[in-house]
Amino acid sequence: MESVTEAGEVKDMATEGGQMKATPEGGETKRMPSRSFSRQASSRQFQRSKSILESGSYSRSSSILKSDEVAIETPEPVEEPLVVGFEALRPLDVKPEDPLPADPAGALHGVLENGMRYYVRKNAKPRNRAALGLAVSVGSVFEEDGEQGVAHIVEHLAFSATKDYSDHDLVHFLESIGSKFGPCNNAYTSLEETVYEILVPVDRPEILSKALHILAEFSTEIRASDEDLEKERGAVLEEWRLANNFRGRENKANWKFLMEGSKYADRLPIGEEEVIKSVPGQRVRDFFHTWYRPENMAVVAVGDFSDLEDVVKLINLRFAAKQGHDQGTNRPLTIPRFPVPSHNEPRFLCYQDPEASVSMVTITCKAPRTIARTVQDYREELARWMLLLALDSRLFRVSKQPDAPFFSGVSNTEVLAISTMCNSLEADCCEGGTLQALEQLLTEVARIRLHGFSEREIAVARAETMASLKTTYLQRDQIPSTEWRGNYVEHFLTGSAMPSIEYSSQLRKTLLEDITAEEVQKVAEHFNTTCSCTIKTTEPHAIANVEALKAVVAKVAEMERQGDIATWEEENIPDVLVKELPTPGVITGTNEFPEFDAKEIILSNGMRVCYKCTDFNDDEILIRGFAYGGISEVDEKDHYTCKMGRPIAREIGEYGHKPTVLAELMAGKYVFGSTTLGYYSRTFEADCAKADLEAALQLGHQLFVTEVDPTEAEVKLVMQIYLESIKALQRDPQTRFDDRKRAVNFGDAIFYRGWTPEGLSEVDPKKACQYFSECYKDPSTFTVMLVGAIDTEVALPLILQYLGGIPKPEKPVMHYNPENLSVVPVTPSPQIIREEVRMDMVDARCEVCLTFPIHLDGPDVGTDMEKTDYMCKFLQQKILEVLRFKHGKVYHARVSAFMGGSNPFYYEEIFGHVAVDFSCDPDLPWNLIDITLEEIKRLQEEEVPKQNDDVETVLEIDQREYEISQEDNEYWINRMREAYQSRHFKGDLDETKKARDELRVAVRAETNTESMKESLCRILPLPCTSNYRVLVLLPNDA
């Protein structure tokens, strides 16, 4: 779907890739990352994610490190092999039964005298930072009845008080050194582990020592007093309540269904409401004292260290003397394992939820966990990966057929528990279409079991896998410390193999080259309904039933037995993306910008191209292009039609090829392209590997020379997908609450209205595609930026050919002056509003949106924007202190500013608002709103001390984030775009950059308690209670 964001841009809300993880961590449901090659509606998106192919993503094992391991007193780093290019990696002479290296590569590791493990690694990404972690091999599955949620409560209490810290003092310390505190930023609780994580600067030695001291406090000194518990219950309850939306309920139901018969089924980390409300403090302390023992823990330190031995000494100093508490209960001291029973017959669940945002069917086949310990294990993992890629390719093709049984389908393999994994299939479909979707999914895996894959399909899967291997290998020196930290935590928890990236890449490359189609076909046996299979439908209204599901399973099984499933019909794929190579353009002008370390060229077709070569990432190039003028320029009667231009074009082929064809053409390449039609600009972007720059630029060329012309069948499919999406969104209370927020804060202009079936019915699909094509017709209106690992000798000829070769129309098309763009009107309600928005809900919850109007004008509007940003960060800290740390009634609060009520490129004044958002108990919103207003009013009126730690903390977090951003390609390409789009830009990017940097330095220099109070009084209404709007989402009384 498309919806207007506060910034006035069109945001893609189509079905996301990946699957919901059945095991929420820290009580929150997290979306599992898609595999590296995720097919989207327009092209294959290559996402870097945790997978069997990526560095350090090692499968979790059913065993842990043995207790009789000898501590390493003088550990030596693992010797790395000679570094060579990926193509030069020679095949290894290995046997299937050869073991994989068990020791964690690249780390000093060992066991302290008290049994605690440690891992220390030098890694300078980011510079002057260290990622620290304390892993406890204990999670929610260790809870007994009446304790559901206690493991998660202990995690919360760690940040509340320990022996040496109280009243969240350690949170203040972490923030004071620039380590941001927030939901899921510093810790998570899962079924079988609890992990505490800190990212700290190491440019001052005392910080590392103190940060390790904090982790040492977490290991055995969490206070967990009755008073601490009472203060934290509200925050934990609110986190529990946040999970009670449709996705949370669906995940909980699915997990209980999936893990039926095991202890895991009733041990989701977030816990049970009654336990959170009433569990006695002594029971929490008993759990902590029983399981938080050094032999169940590991400390990890990965960072830009000058001397690893010194870090090991610090760890010894802080942790070696820590001892476990007396057991206090009859529970075992050894880590128990809990079985997940298998079953031969499939189980069925028809889940119905009136707030369901999608109709879908999920097939899950559980299996014992396989651990990569030998060469053969690696080979089987690669074959499984290739099956997933090839199967997803077929499901993608099916979803694009006329009258397709589902809108999207995906296969996956994931870990459920330390001893259990699963293979799954999932499809989203129209309401009432779950039976047809189920039949198609079962048919496709049966087709593979009967007929296998073609050689071309195997070649494509092999190419994609090899591309992922190559990217991982080339970027091995840019892996962030936080990722290495996770890898070593995983090694501690499972004891799985962890060879160096050089060795694992060489081994996988060796194995991948001769994996056969028969090996890949064999993996499909693990997707059989006789393999501990569960089948679940999810619908807003109960349509499917168990008997109907059983009938579908029996029907497909019989078809497979009879061999009555045809072979897969392959699609005709052209040999090249660009049919005829364009005539290269020429360079008509150049500019150099030393401050940016960038060079600009003007092409003969009028396109401006600016590039910056960096070494932040050895295999990444980012491309961003923009032109002024967007949907704000079209007649209101064409508003919905033009908004749908991009979604329709994307679904049928915005790059001159159908999405299914494009996916095959891009096989084996790391390229992701996308477009955006905003209210004030049109953009296109591409991310690619260094070797795939030509393919990325070819996508850009194709975008400009393609006339999108949909067929009736294509239009019917796209409009059906979006109509179903609109209906699904309208069932969600959050969506309707967001609609009301926009109406109150922005006005009822058509630009801010959400999609409705009536709005969709106004769309002229042919005209929508014509508008989209016009948006990318004239290259002279576009500025294109490239940042990354650019080899100019290779890149410049490609830029001239594919970007310079875009024909320029005879007459200008959509050529807008940024000074004269039509402004999307913002007409908020002028009076104070205190409104309850009541809706039917399955589970009661409450959200608060409190906004204050702001109006910035005059010569210092840029300075005021910067000050507003700091003011919001300061307010967020103060409101969190009051609502969470003092009253314990919220999980999180967010303060943000909307400053979009004007031309974003040429503004003399800005209309917008500052928003305070939080969720809470439905019985408490008005009390908490008044507390929030009183706190802001107090900050406006009371005298402030000359020294205020909160202001210093805001500045420190900002500075530390700024330092890290300097090593990021995304940061620099955004800086470049901002410089081009600045109202002060007169042709010299360096001048604009200098002005922006000087502004930041100046505002930081004068930011103190007095200036913060001045901003609060001048930017916000004075007093704040004189002009505000507050909306509260609540359940209907009934």
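Student: Why is His168 called buried?

Tutor: In this predicted model, His168 has a relative accessible area of 4%. Buried means under 20%, so His168 is counted as buried. His168 belongs to the loop between helix H1 (150–160) and helix H2 (169–176).

Student: What makes the phi of His168 worth a remark?

Tutor: Most residues other than glycine have a negative phi. His168 is not a glycine, and yet its phi is positive, about 60°.

Student: Which phi does Ser532 have, and where is Ser532 found?

Tutor: Ser532 also is a residue other than glycine with a positive phi, near 45°. Ser532 is in the loop between helix H14 (517–523) and S15.

Student: Is Ser532 buried or exposed, and how do you know?

Tutor: The relative accessible area of Ser532 is 7%. The limit for buried is under 20%, so Ser532 is buried.

Student: Why does Glu355 count as buried?

Tutor: Its relative accessibility is 4%. Glu355 sits in the loop between strand S11 (347–352) and strand S12 (359–368).

Student: Which residues is Glu355 in contact with, leaving aside its neighbours within four places in sequence?

Tutor: Glu355 is in contact with Phe246, Arg249, Arg731, Pro733, Asp840, Met841, Val842 and Arg845. Contact means heavy atoms within 4.5 Å.

Student: What makes H9 roughly perpendicular to H13?

Tutor: Helix H9 (residues 375–399) and helix H13 (residues 501–512) pack at about 65°, and their axes are 10 Å apart. Angles of 65 to 115 degrees count as roughly perpendicular, so H9 is given that description relative to H13. The crossing of H9 with H13 is right-handed.

Student: Which residues meet where H9 packs on H13?

Tutor: From H9 come Val375, Tyr378, Arg379, Glu381, Leu382 and Met386, and from H13 come Ser504, Leu507, Arg508, Leu511 and Leu512. By class, the residues of this contact are seven nonpolar, one polar and three charged.

Student: Why is S9 called largely enclosed?

Tutor: Strand S9 (residues 194–201) has eight residues and seven of them are buried, so the rest of the structure largely encloses the strand.

Student: What makes S7 and S8 partners of S9?

Tutor: At least two bridges are needed for a pair. S7 is joined to S9 by eight bridges and runs antiparallel to S9, with Ala130 opposite Val200. Strand S8 (residues 187–189) pairs with S9 over three bridges, also in the antiparallel sense, and Thr189 stands opposite Thr194. A hairpin of four residues links S8 to S9.

Student: How do you know that S19 is mostly covered?

Tutor: Strand S19 (residues 621–628) has eight of its eight residues buried. In a regular strand the side chains alternate between the two faces of the sheet. Ile621, Ile623, Gly625 and Ala627 point one way from S19, while Leu622, Arg624, Phe626 and Tyr628 point the other way, and all are buried.

Student: Which strands pair with S19?

Tutor: One is strand S21 (residues 681–688), antiparallel to S19 over eight bridges, with Tyr628 opposite Ser681. Another is strand S22 (residues 783–788), which is antiparallel to S19 and joined to S19 by six bridges. Ile623 stands opposite Leu786 in S22.

Definitions and conventions. Residues numbered from 1 in each chain as written. Predicted model: local features only at pLDDT ≥ 70, side-chain atom pairs only at ≥ 80, totals over all residues. Heavy atoms only, no water. Helix = DSSP H or I, 4+ residues; strand = E, 2+ residues; numbered from the N terminus. Buried < 20%, exposed > 50% of the residue type's maximum accessible area, 1.4 Å probe, protein only. Axes fitted to C-alpha atoms, helices over the stretch in contact; angles between N-to-C directions. Parallel < 35°, antiparallel > 145°, perpendicular 65-115°, else oblique. Left-handed = near helix turned anticlockwise from the far one by under 90°. Nonpolar A, V, L, I, M, F, W, Y, C, P; charged D, E, K, R; others polar.
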